[in-house]
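Please keep the structure open as you read.

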Amino acid sequence: MSSPEFSAGEAPAEKVTEVSGTGIPVRGNDIDTDQIIPARFMKVVTFDGLGQFSFFDQRFDDDDNEKDHPFNEEQYRGANVLVVNANFGCGSSREHAPQALMRWGIDAVVGESFAEIFAGNCLALGVPTVTADQDDIEALQDYVEANPDAEVDIDVAAETITYDDTVIDAEVHDAQRKALVEGVWDTTALMGANEEAVRETARSLPYVPAEHVAEDEA
Amino acid sequence: MSEGTLYDKVWDRHKVTRLPTGQDQLFVGLHLVHEVTSPQAFGMLQERGQEVAFPERTHATVDHIVPTGNRDRPYRDDAAESMMAELEENVRDSGIDFSDPDSGDQGIVHVIGPEQGLTQPGMTIVCGDSHTSTHGAFGALAFGIGTSQIRDVLATGCVAMEKQKVRKIEVTGELGEGVTAKDVILTIIGKLGTDGGVGYVYEYAGEAIEDLGMEGRMSICNMSIEGGARAGYVNPDETTYEWLKGTDAFADDPEEFERLKPYWESIRTDDDAEYDDVVTIDGSAIEPTVTWGTTPGQTAGITEPIPDPDDLPEEDRDTARRAQKHMRVEPGDTMEGYDIDVAFLGSCTNARLKDLREAAAFVEGREVADDVRAMVVPGSQRVRDAAEAEGLDEVFKEAGFDWREPGCSMCLGMNDDQLEGDEASASSSNRNFVGRQGSKDGRTVLMSPIMVAAAAVTGEVTDVREMEEVATV
């Protein structure tokens with residue numbers, strides 16, 4: 001094995017300044033990641049093909065018959081803006097949840113609030129998590145339900161959501177906004193550039209043996 | 001902003017630089033790895049032609065998919081076998097220590113870190129698992145990360161994060177008889193909500209916390225994430241140091257212990273520290289506490305009525321109505337007497353030796369109710385071995401419990417241990433989400449290990465204080 005070194009990685013991530021498309025509402029507070037993708041679908045070693053399992057137990061009964069769920073409805077096929085309520089993505093840290101949504105076709109999630117790990121996982125995939133007031137979100141969900149073919153525009157930099165004649169004053173968390181707008185959300189590449197500073201920090205910690213962070217390990 | 005807290009100090013010691021995003025780059029002192037969330041990260045690393053930067057700061061085990069019965073290889077479940085094989089290959093190729101089932105050290109990642117002394121005060125600890133907050137019990141800054149962040153840590157030894165606020169949760173007074181750390185954390189989440197901790201790190205303090213052993217502190221920190229807080233911690237003290245002295249890291253190396261102790265002392269929260277928020281909870285008023293719904297925040301003391309959704313804050317009503325329908329409970333009733341089909345004693349929250357001792361002391365001389373399927377899943381092989389050396393396995397088996405091999409088991413139903421149909425489970429685990437224990441119609445009631453033992457014996461949710469001979473260990 002060659003000596004470990006971490007490079008700055010490949011090209012910088014793409015900029016995500018805006019997301020436009022049709023919406024799909026999934027209502028309810030505290031929708032946890034076990035609902036977004038049940039654990040039994042995580043017995044895989046890649047994320048490929050997870051999209052079909054999004055909200056699986058909400059969408060199908062024991063005999064695999066379809067239940068009422070927006071992800072089953074023809075009118076929302078092709079939608080890429082998911083509109084949710086409060087504390088979406090709570091629970092397990094599984095990145096399988098945003099991976100499944102992204103592979104289903106979701107490019108942005110708009111909601112009242114998000115669980116932190118979920119929002120971080122979305123950012124790592126370049127998927128914005130945009131928040132707005134409860135009233136604005138519910139109005140947007142109503143609109144999307146009534147107008148499944150209408151376009152919803154998210155401006156990440158300006159922190160607005162626009163539909164019909166309405167402009168919602170939204171929020172994209174500072175670091176997330178900066179990362180997406182400037183295309184610096186590939187944190188492996190970002191942090192990989194600071195190799196020497198990492199070793200210096202590690203060497204200053206009394207619990208880290210010098211040989212664990214030495215430059216040329218055998 | 002907080003100042004002078006353990007969180008501030010550990011953050012500062014591990015901060016490498018400020019990133020262009022405004023996040024800080026933090027060095028990770030210990031990276032724990034398990035089979036479910038890591039394979040894709042290793043895959044991404046290989047795609048980029050990168051290697052693991054600091055394999056010696058990394059430790060792996062297998063817990064989520066590992067069978068708790070027949071563990072002969074290949075595993076009967078092909079998917080589990082392929083995940084295990086993938087992990088074996090990844091750790092071998094990268095030179096990462098692996099507590100595998102043949103080592104005698106395998107177990108739930110949040111049980112083995114502390115018992116091997118990998119977990120130490122003043123460290124930054126991450127794992128692709130939200131219950132990484134457990135390790136905060138030792139005064140570490142520990143939190144769960146997603147798979148892309150695992151890639152970051154594997155490749156660079158660092159995570160990118162924004163600093164959060166610190167909320168001190170002071171639990172005053174003494175806990176009553178039959179009341180445990182689990183009841184404390186269920187009460188805290190019930191009061192502050194499942195999203196009350198978003199944006200915060202929780203510092204647990206106060207007499208009731210200081211009186212707890214490390215196992216109890218771990219149970220509390222473990223469920224920080226259920227309250228929305230990504231991390232929670234307790235300042236290290238003599239209780240912490242006593243535990244550390246007995247671990248692999250220091251048992252034979254008292255000099256190393258003495259060398260590191262000043263660092264551990266230095267990162268304790270200062271007396272005049274400033275917090276972003278302080279919450280005080282009267283520990284002496286906490287009852288044995290259980291969940292009545294489908295989030296860990298839907299809790300009630302065992303003698304308290306299940307709330308009427310109409311009396312709850314508006315944003316909680318809809319969730320409460322759906323939860324009560326799923327659980328088939330009525331407002332105004334208590335959870336006492338709720339019939340259960342399964343008793344599950346296990347998980348990273350409550351499957352340590354002390355948990356098993358307390359439950360066994362209660363179970364001794366009693367029998368599992370006829371219609372209840374009861375199982376004990378020790379948190380690790382070392383916990384299993386220690387429990388067997390004390391004869392706890394015999395106590396459980398004689399009472400009618402199934403004594404199984406260590407793993408996550410029925411906490412999340414990724415192996416054969418699952419609820420079936422609409423079975424109701426008295427569970428010492430951490431999540432009562434719909435479908436969590438493997439059946440979408442399954443019903444989970446979270447509670448302490450001793451309450452699980454009581455429910456197993458009576459076949460219904462039971463106030464353990466009402467039973468005779470409540471033993472405390």
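1. In this predicted model, 37 residues of domain 1 of chain B are in contact with 38 residues of domain 2 of chain B. On the domain 1 side, three elements of chain B give two or more residues each: α4 (109–116), α6 (181–192) and α8 (214–222). The most comes from α6(B), with six residues.

2. What is the make-up by class of the side of domain 1 of chain B that touches domain 2 of chain B? That side has 18 polar, ten nonpolar and nine charged residues.

3. For the bounds, the domain assignment of chain B gives 6–266 as domain 1 and 289–466 as domain 2. Their C-alpha centres lie 24 Å apart.

4. Now the contact between chains. Chain B puts 71 residues in contact with 58 residues of chain A. Helix α5 (residues 147–156) of chain B gives the most to the chain B side, with seven residues. By class, the side of chain B that touches chain A has 29 polar, 25 nonpolar and 17 charged residues.

5. One residue to look at is B:Ala140. It is found in the loop between β6 (124–127) and β7 (141–144) of chain B. Is B:Ala140 buried or exposed? B:Ala140 counts as buried because it has 30 C-beta neighbours inside 10 Å, and the cut-off for buried is 20 or more.

6. Which residues does B:Ala140 touch, leaving out those up to four places away in sequence? Among them are B:Thr119, B:Gln120, B:Pro121, B:His135 and B:Tyr233. B:Val10 is 130 residues from B:Ala140 in sequence, yet the two are 7.8 Å apart in space, C-alpha to C-alpha.

Terms used: Residues are numbered from 1 along each chain as its sequence is written. Chains are lettered from A and ligands numbered from 1 in the order in which they are written. This is a predicted model: local features need pLDDT of at least 70, side-chain atom pairs count only at pLDDT 80 or more; totals for chains, interfaces and linings use all residues. Two residues are in contact if their C-beta atoms, placed from the backbone, lie within 7 Å. Helices (H or I, at least four residues) and strands (E, at least two) are DSSP runs, numbered from the N terminus. Ala, Val, Leu, Ile, Met, Phe, Trp, Tyr, Cys and Pro count as nonpolar, Asp, Glu, Lys and Arg as charged, and the others, Gly among them, as polar. Domain bounds come from an automatic or database domain assignment. A residue is buried if 20 or more other C-beta atoms lie within 10 Å of its own, exposed if 12 or fewer, and partly exposed in between; C-beta atoms are placed from the backbone.
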